[in-house]
Amino acid sequence: RRGAEAGRGAILANYDEQSRGRILGRGAGGDLTILLDEVSEKAILDSLRRDLGEDSFVFVSEELGETRVNGDEPRPVVICDPLDGSHNAQVGIPLSTLSLAVLGVRKAMRPSQKRHFRDVDVAMVRSIMTDDEFVALKGRGAYHNGKELMKAEASDRLERIETLGIECSDIDLFKELVAGLTKKRVNKLRALGSVAMS
C-alpha cells in the first residue's frame, strides 16, 4: 500500500497538461514511456526498497524491466505497472490505475525460476484519480476499499454478467470479440482504456 500510495502521489504531483504528455522514450516492454510512468515507477521502487530492503525482492516493471539481484536465493517477486492507462493520462481522461502483484510469498521462488499467474499471492489495483483500491488475496478473496466483493459461490449463480470490461486496441479484433455477445449474456459493456481498471 505504501508503494502504491507513493506511485499515485508522484503521478498526481506531475499531472499537469505539460508534464502528462511528455514522452521519454520506450520502456523495457516496448511501449512508449511518459513522464508519469517513470515518476510512478521510481516512487514505487524507492518505497519498496525503504520498507523491504535493497536486494530483498525482484522488481519487474513495464518500463524498467527486471531489476538484477545478487544470488539466486528465494525472494518475493513484485510485478508492477506504474501507470495503466497512459494514453488516458496523456490526453486528460481521468481513468488510469497502477497495479502491483506479489509472487513467492507462500511458496519461495528463486529469481531464475519461471513465473506463472498461479504463483500470484496478492495483487492490488489502485485508481489514480479516485483512490479506489482493489485487492485480491490468494485463497482469501477480493476486496474493494476493504469490503469483500462477491463470493465465488454467489457469482456462479449469476445468469449474466452485469458489466463486462473489454480492453483491446485492435478494432478488428474487438469486433470479433463482441460479435458473440448478446444482452442475454451481458448487461453492459465498457471499454475504459485501462486494462487493470477494467
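Two strands pair if DSSP finds at least two bridges between them; helices (H or I, at least four residues) and strands (E, at least two) are DSSP runs, numbered from the N terminus.

**Basis**

This is a predicted model, in which local features need pLDDT of at least 70 and side-chain atom pairs count only at pLDDT 80 or more, while totals for chains, interfaces and linings use all residues. Residues are numbered from 1 along each chain as its sequence is written, and side-chain values use heavy atoms, with hydrogens and water left out.

**Sheet and hairpin**

An open sheet of 8 strands, with mixed pairing, has the order 4-3-5-6-7-8-9-10. Strand 4 and strand 10 (147-148) stand at the edges with a single partner strand each, so one side of each has no neighbour in the sheet. Strand 8 (residues 133-137) pairs with strand 9 (residues 141-144) in the antiparallel sense over 4 bridges, and Phe134 stands opposite His144 in strand 9.

Strand 1 (residues 23-26) and strand 2 (residues 32-34) are also paired in the antiparallel sense, over 3 bridges. Gly25 stands opposite Thr33 in strand 2. Their hairpin has 5 residues between the strands, and Gly30 takes a positive phi near 100° there.

**Glu66**

Glu66 lies in strand 4 (residues 65-66). Glu66 is partly exposed, with a relative accessible area of 41% (buried is under 20%, exposed over 50%, partly exposed in between; 1.4 Å probe, protein chains only).

Beyond its neighbours within four places in sequence, Glu66 is in contact with Val58, Phe59, Val60, Pro111 and Arg115 (contact: heavy atoms within 4.5 Å). Glu66 and Val78 are 12 residues apart in sequence, with 9.7 Å between their C-alpha atoms.
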